[in-house]
Amino acid sequence: MPLTLLNALSTEDFAAHFAGVLEHSPHYAARVAARRPYRSAEAVAQAFAQAAQAGSPEDQLALIRAHPDLAGKAVLAGELTPESTREQASAGLDRLSPDEYAEFQSLNSAYHARFAMPYVVCVREHTKASIFEGARRRLTHTPEQERAAALHEIGRIARLRVLDLIQPTGALSLTSQEEPGMVKVKLGENNYGKADVRLFKVFRDGPRHDIKDMQVRVAVKGDFDAAHTDGDNTGLVATDTMRNTVYALARDGLTGSIEAFGKHLITHFVTQGPRVQGARVTFTQLTWARMVSGGQPHDHAFVRQMPKHTATVWGDGQTFTVESGLEELYILKTTQSGWAGFHRDAYTTLPNTDDRILATVVSARWTYAVADCDYDAVWAAVYTALLDTFPDHYSPSMQHTLYRIGEAVLTRCPEIERIHFSFPNRHHILYPLERYGLDNPGTVFHADAEPYGVIEGWVERA
């Protein structure tokens with residue numbers, strides 16, 4: 001329907017026309033109707049986004065919870081709204097493989113467990129791969145951050161639904177003057193690529209096998225202006241080709257570290273892609289150890305370990321920047337840690353302590369002072385330095401331990417220029433057994449997941 005007619009409708013008819021814009025929440029359309037007339041379809045879309053943001057925290061949460069899980073039970077039961085049905089189909093969520101469906105259910109469960117609400121994303125602006133990536137990234141949000149992200153995505157969903165419902169015959173002119181033309185814009189920094197490439201390689205050089213297990217993400221940058229401004233894809237490498245390239249080059253090119261393989265991939269994409277001028281390759285490598293069978297390390301049986309080995313390589317095929325790291329290393333010591341002498345004010349309730357459990361899940365990343373090195377050996381040296389240093393001292397704070405570990409790493413690894421740590425506190429709180437007539441001599445604790453402190457920082461060469 002043209003906007004001119006929509007502006008002239010009764011409030012009831014206007015609200016009925018736009019009832020499905022915000023999921024299972026038609027009452028918002030009446031609020032939007034009250035703000036007429038609108039000069040453009042975009043103005044109507046903006047009004048719906050503002051209405052969603054303007055509600056109370058309870059209203060906002062109710063609106064978010066009105067949205068269905070992606071590829072969830074409502075899909076199988078045929079209970080989605082027509083709008084959601086079309087949108088989920090647009091991203092192929094109605095045509096999932098068993099593995100993809102299982103992964104969606106796992107992400108949905110993790111999301112509800114962490115935030116008590118569904119994962120909301122404007123699927124029409126995404127692919128299956130980017131939907132998966134966004135869910136994993138947003139699981140690291142705080143509840144406040146995630147509520148804001150969900151409301152932003154609801155605004156994006158509303159915009160596309162509004163544009164579907166308004167005939168594109170131009171904006172309504174409230175004066176005798178013509179509406180201004182499109183604003184002048186230019187293309188900014190951009191890239192494209194392939195994400196979530198799962199690569200596993202077995203090295204069969206003899207009876208004793210080795211393995212590499214990783215997730216790869218490729219992004220290329222270059223002269224892509226014509227594709228954006230004119231829809232001209234001449235010279236662009238398909239992301240499907242990028243995926244195939246990762247597997248093909250792994251056959252002979254993945255012989256050592258993921259960092260070296262990243263340089264190999266970048267050189268290929270720059271030399272073979274007509275419009276590619278540079279690339280970034282990101283890896284998350286799972287670590288495996290040999291099983292011990294009969295008292296001996298087995299030749300071809302493995303058990304997964306932590307942490308993960310991460311790396312990001314940037315380059316133009318001639319020069320490269322490398323950042324390596326490790327993630328998901330859960331470490332803990334039961335004593336030789338405290339937290340005392342800190343600032344106290346009217347809101348301070350935490351008592352001083354000189355004996356506590358210190359636990360964290362380590363994330364670390366580091367940059368190099370050299371152009372090339374044995375990256376696997378450096379990673380192993382960082383890991384060893386971290387495990388050696390964490391228990392070797394009394395820790396008056398996680399900040400002190402961060403600095404001490406960084407100092408040990410830079411002492412042992414001259415190849416590293418600086419290293420960053422993120423240490424979320426995993427609190428272990430002494431459980432009050434006195435209520436049951438029992439003492440608790442520092443033996444029974446409640447492992448509390450949230451909220452938690454986070455200590456982060458770089459340690460650099462002076």
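Helix α13 covers residues 258-272. Its 15 residues should span 21 Å at 1.5 Å a residue, and its end C-alpha atoms are 21 Å apart, so the two agree. The expected span is 1.5 Å times one less than the number of residues. Helices are DSSP runs of H or I with at least four residues, strands are runs of E with at least two, and both are numbered from the N terminus. The model is predicted: local features need pLDDT of at least 70, side-chain atom pairs count only at pLDDT 80 or more, and totals for chains, interfaces and linings use all residues. Residues are numbered from 1 along each chain as its sequence is written, and side-chain values use heavy atoms, without hydrogens or water.

The buried residues of α13 include Glu 259, Phe 261, Lys 263 and Phe 269. Buried means under 20% relative accessible area (1.4 Å probe, protein chains only). The side chain of Glu 259 does make a polar contact with that of Ser 324, at 2.6 Å. Such a contact pairs N or O atoms within 3.5 Å, one able to donate a hydrogen and the other to accept it; residues adjacent in sequence count only if both atoms are side-chain atoms. Beyond four places in sequence, Glu 259 is also in contact (heavy atoms within 4.5 Å) with residues including His 309, Tyr 368 and Asp 376.

Val 459 lies in strand β12, residues 454-460. Val 459 is buried, with a relative accessible area of 6%. Its contacts beyond four places in sequence include Leu 402, Tyr 403 and Arg 418.

How values were computed:
Buried means under 20% relative accessible area, exposed over 50%, partly exposed in between (1.4 Å probe, protein chains only).
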